[in-house]
Amino acid sequence: TLDLAKTQEGSRSLQKIMDGNRLEEKVALITALTPYIKELITDQYGNYTVRAIFNNCSTFQRTELLRSI
């Protein structure tokens with residue numbers, strides 16, 4: 001998932017997941033990428049994935065993501 005987030009096409013695919021309605025996919029994506037948020041924020045394409053995650057997660061999840069930075 002990390003490698004996918006760092007490519008243009010992969011980042012777009014992950015953004016679509018976060019914009020979708022399937023909660024279980026969103027939670028799985030957030031869980032998989034939380035340890036790498038700091039790295040993705042500065043990545044050329046990963047930052048778009050992080051933005052999509054922040055725009056589509058709960059307040060609790062957002063707090064946990066910020067703590068991981």
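Keep in mind that the model is predicted. We'll start with helix α5, which spans residues 46-56, then look at how α2 and α3 cross, and finish with L23, a residue of helix α3.

**Helix α5 and its neighbours**
- Helix α5 has these buried residues: G46, T49, V50, A52, I53 and F54.
- Those buried residues of α5 pack against α1 (2-5), α2 (8-19), α3 (23-33), α4 (37-41) and α6 (59-68).

**Where α2 meets α3**
- The axes of these two helices, α2 and α3, come within 8 Å, and they cross at roughly 130°.
- An angle under 35 degrees would count as roughly parallel, over 145 as roughly antiparallel, and 65 to 115 as roughly perpendicular, so α2 and α3 are oblique to each other.
- If you're wondering about handedness, the crossing of α2 and α3 is left-handed.
- On the α2 side, the contact is made by L14, I17 and M18, while α3 brings in E25, K26, L29, I30 and L33.
- Sort the residues of this α2 with α3 contact by type and you get six nonpolar, two charged and no polar.

- You'll find L23 in helix α3.
- Is L23 buried or exposed? Its relative accessibility is 57%, and the cut-off for exposed is over 50%, so L23 counts as exposed.
- L23 and C57 are 34 residues apart in sequence, and their C-alpha atoms are 9.6 Å apart in space.

Note on methods. Residues numbered from 1 in each chain as written. Predicted model: local features only at pLDDT ≥ 70, side-chain atom pairs only at ≥ 80, totals over all residues. Heavy atoms only, no water. Buried < 20%, exposed > 50% of the residue type's maximum accessible area, 1.4 Å probe, protein only. Helix = DSSP H or I, 4+ residues; strand = E, 2+ residues; numbered from the N terminus. Contact = heavy atoms within 4.5 Å. Axes fitted to C-alpha atoms, helices over the stretch in contact; angles between N-to-C directions. Left-handed = near helix turned anticlockwise from the far one by under 90°. Nonpolar A, V, L, I, M, F, W, Y, C, P; charged D, E, K, R; others polar.
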